Amino acid sequence: MPRQIRRAPRGVSLALACASCLSCAALANADLLLNEILYDPLGADEGQEFVELWNPDSTAASLDGVVLEAGDGARPGSWTLVWRGAAGNAAAPGAAFLIAGDALLAALQNGPDAVRIVRNGAVLDLLGYGDLESATLYKGAPAPDAGSGQSLARLRDGVDTGVNRDDWAVEGELTPGAANHPDVRLRISGSGPSATPEVSWPGETVELRASVRNSGRLPIGGGRWTAVAELRDAADGAWASVGSTPGGSVMPAESATVALSFPAPAPGSHSGRVRTCDSGPPPSAAPGELPLADTAAVWLRVIAGPAVVNEIAFRDAGAGEWIELWFRDRVEDVGEFSIADAVSPPHPIDRGALPRASGAGSLLVVAKDPALVRAAFGLADSVVVGVIGGWPSFNDSESGGAPADRVRVLEAGGAPCDAVPYRAESSVRGGSLERLSIDLPSDAAGTWAESVDPRRGTPGRENSMRAPGPMAAAHGPLLTASARVLRRHGGVAVPVILRATAAARGRRLTVRVHDLLGRPLRTLVEGQRFVAEGAFLWDGRDDRGVAVPAGLYVIRAEALPEEGEEARASSVPLAVAAERAR
Amino acid sequence: MTRASLRAGCGGSLRVLAAALVATVLLGAGLRASPVMAAFELRDASPAALGAVSMDLESEPMFDAIGPRAGIRVGASHAALYQIEGLAQERAWIGVEGRRGSLSFACSRVGVEGATESSARLALRESRAQAVALELDAERLDLALDGEPREGGWAFGGWARARFSLSRLDIEVDVAADRVLRSNGLARLSVSPSVPVAIRLRSGGATAAWVDRWGGDGRRSPRIVLEMPIAGAARLRLGRGEAPERIGAALAVRLRRIEVSAGRIDQSDGGVVTGASVGLLPASSGGIR
């Protein structure tokens, strides 16, 4: 493969050099070419920008006296020195030479702008990008402007037609210091693998999914490569394979998706990676060259924590968007955590000037507009905080079958602490989504229910919806309740969810509410058969529809006797609180 | 009734008049009340109350003191309610009983962790040996729920009891105005008055009673209670009630001044309440009234 690259440009370059001379008289011998440039990296530019040169010749090219200059698109003729080749610098034959990091003396400007390489006053190559007007800033026609995180890359390494627009393309997959399009190259896409669920629970299956692109010029046959999922052992740092799959055939410039599934590992945070490799020895690769090998890292967490998403207000019900975090363990500084949605970068929690601790079991509300949430819900300043760098606006509508968005809490290093995908249809009244139990999986739809609080949310206080405890075994109680206390606010009761357990499955049930003297007040279920575990509500009213007074009550479930089944009963206590003013 | 001998003592006619007046007023108050169904309805789940299927009323002691000397009655009970783990009533009482009357104090707590109803009750009662006896009581009632402000208040009520003798049969008629006066805190909790009534026939140490409790919504809860001595040192109390249908039994055994008792209520829908108590009786207590 390298031979092809070396051989072809030599003949072509002469023809192209002629063509170049027609379009740009200032160009001299095209022995060195610009091959790839990144001028707008993701995040901060400093240290991330690079320019890649290419030596198409069969002998090494000295870079002594070669300079790289940046041209200002707004001021044609104004060139800034970006790099100067030293005596020891040389570009290997048929290979790239990378100029990056501290070697760059000045920043590369986002388009429309230009760069050129010059030796002894002669321009060796020129690249103009963006909407340039001055013809002195490009060859033939300017190349397109690359977006943030994308590079401009020569379509064929070392081949120049003299027209920037034809030779260059925006490239999402950066290849600094390497050929842009060798014969064979398999790369995991820049966004890296994704874990589903991002935060899993013991017993769940984790799937790592990655997009693998053939950025080479030749097809890659099925079975020639393998994708492997690996987890790092926390004790000795060694990587252990947890799953692998043979790769399929991938045509040039096309991608294939690999999915690797494995049981959720032990609770905690895990460093993982997806790796592609040759299924067998590479047939014709040069020593040390592994064109099918690539690696991309991914973080995994099993069981959310220490900051757990406990409530999500993704609809603006008058107080803006907010989420509520519940701390499983004490944290010394909440500012170490960031909030993000499915696509946004992390936004650190604004903890103020000093580190701010949060105790185990405490709640913290993180809001787009903290003052608005404080005012709407009567919360103390210390309970509600904002984020730094703008709020990651949560979607409240879905596209296709995917969840509307995902609320993510990230630790300082970017590892997930909790991640909750949600669907817009989960909130019908515009209320927040409340976590029914801290012990339920974050990504399960059944873990979340719309708040029944009259204010459409309970930031900074106990959720209005809570799940009963773990499902009972067949010999356990017939019934569990979502709360011990039924509350009323402004005449509106927060219903208690009563759940018929596995022990009630297949049985005919009668469920009544009694007072402590045993007097029946309300029949909730009258002999219905529960073919599965089911749930129903008590709204705090008796059979006449009258709200029962405050006090203690007993909800009694009786499984009626049937053929082969004995009658059995179980009861749960429930308190009804006095009416509380709105 | 013409052959009945009314054994009213000095001032008895005044007490009869007062009792009748109080009963009339309080009956009226009771009829205006809201339904009897709220917190603090379960007052006494001691064995004596379970045997009488009357957890909604203060129980009559199974061993009464009618002797001339003053004595102290003290005891405590525990009841498990409806076979729900943690749902129980704890109750303790102390009283001084004398020839002219008694002063008693009882406190109880019912509920589960995080949700409790508690009460403290002070009662001043004239001796039952009199033809007409009055009782006044004051209660402090509190409802405490996790995450909610404590709610509660004061309630006051009274009893009137007339006692007649007909040959070897003693007849007692009780009319009460229960929680007829309440502070605002209890009104907020919908605590309402009621009118318990009872007719008891006593003879030879055995008692048969018809007891009812009338609520403001016309709700009634009639019950029949039978009580009999067993070998002088034990007493058995049996009860049957309606709304809800239930039966109850209690057995109390006296060993010198120590009383040990156990009781149980079974409701028609399967609800079960069991209780046990231990107490110290007044020195003059006897198994036969």
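1. Two strands pair if DSSP finds at least two bridges between them. Keep that rule in mind for the strands of chain A below. Note also that this is a predicted model.

2. Start with strand E40 of chain A, residues 568-576. Strand E32 of chain A, residues 485-486, pairs with E40(A) in the parallel sense. Two bridges join them, so this pair meets the cut-off of at least two. In one bridge, A:Val485 has A:Ala575 of E40(A) as its partner.

3. E40(A) also pairs with strand E39 of chain A, residues 551-559. Here the strands run antiparallel, with nine bridges between them. Look for A:Arg556, whose bridge partner in E40(A) is A:Ser571.

4. Next, the second largest pocket. Its space comes to about 850 Å³. The lining has 34 residues. Those nearest the centre are A:Ser194, A:Glu198, A:Ala342, A:Arg406 and A:Arg408.

5. Which elements give two or more residues to this lining? They are strands E13 (194-196), E20 (294-302), E27 (405-410) and E28 (416-422) of chain A. E27(A) gives the largest share, four residues. By class, the lining of this pocket holds 18 nonpolar, nine polar and seven charged residues.

6. Now turn to chain B. Three helices and 16 strands make up its list of elements. Chain B has 289 residues, and 52% of them count as buried. Its accessible surface is about 13100 Å², with 63% belonging to carbon and sulfur atoms.

7. Last, contacts in chain B. Take those between residues at least 6 apart in sequence. Of these contacts, 48% join residues at least 24 apart.

Key. Residues numbered from 1 in each chain as written. Chains lettered and ligands numbered in written order. Predicted model: local features only at pLDDT ≥ 70, side-chain atom pairs only at ≥ 80, totals over all residues. Heavy atoms only, no water. Buried < 20%, exposed > 50% of the residue type's maximum accessible area, 1.4 Å probe, protein only. Contact = heavy atoms within 4.5 Å. Areas by Shrake-Rupley, 256 points an atom, 1.4 Å probe, with all protein chains shown as cover. 1 Å grid on protein atoms, 1.4 Å probe; cavity = no way out; pocket = protein on both sides within 12 Å on 5 of 7 lines; lining within 4 Å. Points joined across faces, edges and corners; volume = space filled by probe spheres on them. Nonpolar A, V, L, I, M, F, W, Y, C, P; charged D, E, K, R; others polar.
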